[in-house]
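The exercises below are to be worked with the sequence and the coordinates at hand. Each task is followed by a solution in steps.

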Amino acid sequence: VLDRHGFEPVRVTPTLLRLRNCPFHPLAARDPELVCAVNHAFLAGFLDGLDAPTAEACPAPRQGACCVELRGA
């Protein structure tokens, strides 16, 4: 699902999923705080919708990647 939304997920460890890119990069370049907050809310809601209480969306800004990663809680 994340891949279909343009996030390019990659599993780093069994409990860490990083998103290699931001599908909203052009907007993030202009207002990173706003876009990162929206990404965080979207991904947290995504996990809630999956009823995944052992996973959490965590802010993790990195150059050239999504500012949120998914971690085991």
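**Exercise 1. Overall build**

Of the 73 residues of the protein chain, what percentage count as buried? Then describe the fold pattern and the dimensions of the chain.

Solution. The model is predicted, so local features need pLDDT of at least 70 and side-chain atom pairs count only at pLDDT 80 or more, while totals for chains, interfaces and linings use all residues. Residues are numbered from 1 along each chain as its sequence is written, and side-chain values use heavy atoms, with hydrogens and water left out.

Step 1. Buried residues make up 30% of the 73 in the protein chain (buried is under 20% relative accessible area, exposed over 50%, partly exposed in between; 1.4 Å probe, protein chains only).

Step 2. The chain has 2 helices and 4 strands, in the order β-β-α-α-β-β along the sequence. Helices (H or I, at least four residues) and strands (E, at least two) are DSSP runs, numbered from the N terminus.

Step 3. The radius of gyration is 11 Å, in agreement with the value near 11 Å for a compact globule of 73 residues (taken over C-alpha atoms; the globule rule is 2.2 Å times the number of residues to the power 0.38). The C-alpha trace spans about 35 × 20 × 20 Å along its principal axes.

**Exercise 2. Positive phi**

Where do Glu-8 and Asp-51 lie? Give the phi and the accessibility of each.

Solution. Step 1. Most residues other than glycine have a negative phi.

Step 1. Glu-8, in the segment before strand 1 (9-13), has a positive phi of about 50°. Its relative accessibility of 35% makes Glu-8 partly exposed.

Step 2. Asp-51 belongs to the loop between helix 2 and strand 3 (55-59) and has a positive phi of about 55°. Asp-51 is exposed, at 64% relative accessibility.

**Exercise 3. The largest pocket**

How many residues line the largest pocket, and which element gives the largest share?

Solution. Step 1. A pocket is defined on a 1 Å grid over the protein atoms alone, as an open set of points where a 1.4 Å probe fits, with protein on both sides within 12 Å along at least five of seven lines; lining residues have an atom within 4 Å of a point.

Step 1. The lining has 15 residues, and His-25, Ala-28, Arg-62, Gly-64 and Ala-65 lie nearest the centre. Helix 1 (25-30) and helix 2 (32-49) are the elements that give two or more residues to this lining.

Step 2. Helix 2 provides the largest share, 4 residues.
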